[in-house]
Amino acid sequence: MIYTVIDTFYLTDEQLKNSPSRKDDIDEATETNLRIYGCDLIQESGILLRLPQAVMATGQVLFHRFYCKKSFARFNVKRVAASCVWLASKLEESPRKARQVLIVFHRMECRRENLPIVHLDPFSKKYAELKTDLSRTERHILKEMGFICHVEHPHKFISNYLATLKTPPELTQEAWNLANDSLRTTLCVQFKSEVVACGVVYAAARRFQVPLAENEPWWEVFDAEKSAIDEVCRVLAHLYSLPKAQYIPVCKDGDSFTSSSNKSRDSQTPPVSKEVLPSGASANNDTVTPKAAASATINPDSGGSKNSVVKQALDMLKESKKVDDDPKSMTVAVEGEGREEPIQSKSEHRTEASGERNKERERDRDRERERVKARDRDRGRDSDRERERDEIDRDRDKVKDRKHRSKDRAKDSGGHLEKSRHHSSRDRDYHSSSYSSREKDRHRHHPYS
C-alpha cells in the first residue's frame with residue numbers, strides 16, 4: 001500500500017536557518033528580502049492577469065516551499081516567481097497561457113527598472129528561451145514538491161473563527177489583509193493554516209483593541225497554542241518594520257527577463273573591423289603619382305645609406321621629367337581620361353537600363369490591363385449572347401404555350417358544340433312528342449272538330 005500524506009511540508013527553525021541559500025553564502029537579511037520580493041512579483045502579476053486571490057496565495061506558498069529546498073544562487077527569483085504563478089493558475093483551475101505570464105513579467109520588470117517598455121515578440125528567439133526556461137523551472141518545482149502541491153490557506157478559517165468569537169464586522173477585513181501579508185513570510189512553512197488564522201485574528205483584535213476572552217483559552221478550541229500565536233504576531237510585526245524589498249542579483253544564471261534580450265542584441269551586432277581605414281586608404285591610393293612613389297621609397301629607416309637614398313630620389317625625378325616631356329605620356333593621360341569616361345558611361349548606362357526596365361514594366365502593366373479589359377469585354381459579349389439566347393428560348397416557349405392553349409380551347413369549344421347539338425335534338429324530340437300527345441288528346445275529346 002502507498003499512502004500519500006497531504007499538507008505536511010513544515011520545517012523547524014533550525015531547518016530554516018540551515019537553508020540551501022545559507023550554504024551558498026547568502027545571509028538571512030538577503031534571503032528574507034528576496035522572499036518578499038518574489039511574493040510581491042507574484043501578487044502584482046496575479047492582479048495584472050486578473051487571477052483570484054487563491055491563485056496568488058498558492059503561488060506564494062509554492063515559492064516558499066521551493067526555496068526551502070533550493071538556493072537563491074542557483075535559481076533566479078523572477079523566473080521561479082513566474083513559474084509559480086503559471087503552476088498555481090493550473091492548480092486552482094484558473095489557467096493562463098505561458099505567453100500571457102511572460103508578457104506580464106517582462107512588462108513588470110521594465111517598469112520596475114525604469115527601462116523602455118518594449119513589447120515581447122512571441123516569435124522572437126528571446127521569447128522561445130523564456131518559454132523553455134519557464135517550463136523547465138516548473139518541472140523543477142514539481143520535482144522538489146514530489147508532485148504533491150496541495151495547499152491549505154488560512155483564509156477559509158478566518159470567517160468561521162470570527163463568527164464563533166462574535167467579533168465586530170470591521171475586524172474581518174483587517175484579519176483578511178493580515179492573512180494576505182503573512183504569505184510573504186515563512187509562516188506558511190512553519191505553522192499550519194489553523195494556527196496562522198488564530199494568530200491573524202489575535203493581531204487584528206489587538207490592532208482594533210477588540211477584547212477577546214483570554215481567561216478562557218479560545219485558541220485551544222482551534223488546535224493552536226499561545227506560543228505559536230505570539231510567534232505569528234512577532235513575524236508580522238517584523239515584516240511591517242522592513243523597508244520595501246528590492247531585487248538583489250545573487251543568481252549565477254540569467255539575472256532577469258531583459259538580460260537575455262540584451263545578450264542576444266550584443267551577439268547579433270557584428271564587431272567593428274579595425275581595418276576599414278587602411279583598406280580605404282589603399283583604395284584611394286590606387287593611382288599613385290611618381291612623386292608619391294618617390295616619397296614612399298625615401299624612408300630614412302630603411303637599411304640603405306643616405307647617399308643611396310638620394311641617388312634613388314634623383315633617378316626617380318629624372319624619370320618623371322622624361323615622362324612629362326615624352327608625348328607618350330600624353331597618350332597615357334588620354335588613356336587615363338578615357339578610362340574615366342567609361343565610368344561615367346557605366347553610370348549613364350545604368351540609369352538608361354533602369355529607365356528601360358521601368359518602361360518595360362509599364363508596358364507589361366499596360367498589356368495586362370488591356371488583357372483584363374479584353375477578358376471583361378469577352379465576358380460581356382458572352383453574357384449578351386447568353387441573354388439573347390435566353391430571350392429567344394423564352395419567346396419560343398411562349399409561342400408553344402400559346403399553341404397548346406389554343407388547341408385546348410378548340411377542343412373545349414368542340415365538346416361544347418356537340419353537347420349543345422345533342423341537347424337541342426333532345427329538346428326537339430321532347431317538344432314534338434309533347435305536341436303530338438296534345439293533338440291526340442284534343443281529337444279524343446272533340447271528335448267532330
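Visitor: Which residues gather in the patch of negative charge on the surface?
Guide: Glu386, Glu388, Asp390, Glu391, Asp393, Asp395, Asp397 and Asp401. Patch members have over 30% relative accessible area and no salt bridge, with like charges joined within 9 Å. This is a predicted model, where local features need pLDDT of at least 70, side-chain atom pairs count only at pLDDT 80 or more, and totals for chains, interfaces and linings use all residues. Numbering starts from 1 along each chain as its sequence is written, and side-chain values use heavy atoms, without hydrogens and water.

Visitor: Where is Asp397 found?
Guide: Asp397 sits in helix α16, residues 327–445 (helices are DSSP runs, H or I, of at least four residues). Asp397 is partly exposed at 42% relative accessible area (buried is under 20%, exposed over 50%, partly exposed in between, with a 1.4 Å probe and protein chains only).

Visitor: And which residues form the positive surface patch?
Guide: Arg394, Lys398, Arg402, Arg405 and Arg409. Arg394 also lies in α16 and is exposed, at 56%.

Visitor: Switching topic: how many salt bridges are there in the whole structure?
Guide: The search finds 16, each a side-chain nitrogen of Lys or Arg within 4 Å of a carboxyl oxygen of Asp or Glu. One of them joins Asp230 and Lys226 at 2.8 Å, N to O.

Visitor: How are Asp230 and Lys226 separated in helix α11?
Guide: By about one helical turn, because they are four residues apart in α11, residues 226–241.

Visitor: Which residues are buried in helix α8?
Guide: His155, Phe157, Ile158, Tyr161 and Leu162, within residues 155–165. They cover an arc of only 140 degrees around the axis, so they are on the same side of α8 (the arc uses directions from the helix axis to the C-beta atoms). The face turned away from that buried side carries the exposed Ala163 and Thr164.

How values were computed:
Patch = residues over 30% accessible without salt bridge, like charges linked within 9 Å, V, L, I, M, F, W, Y side chains within 5 Å. Areas by Shrake-Rupley, 256 points an atom, 1.4 Å probe, with all protein chains shown as cover. Lys, Arg positive; Asp, Glu negative; His and termini not counted. Charge placed at Lys NZ, Arg CZ, Asp CG, Glu CD. Helix = DSSP H or I, 4+ residues; strand = E, 2+ residues; numbered from the N terminus.
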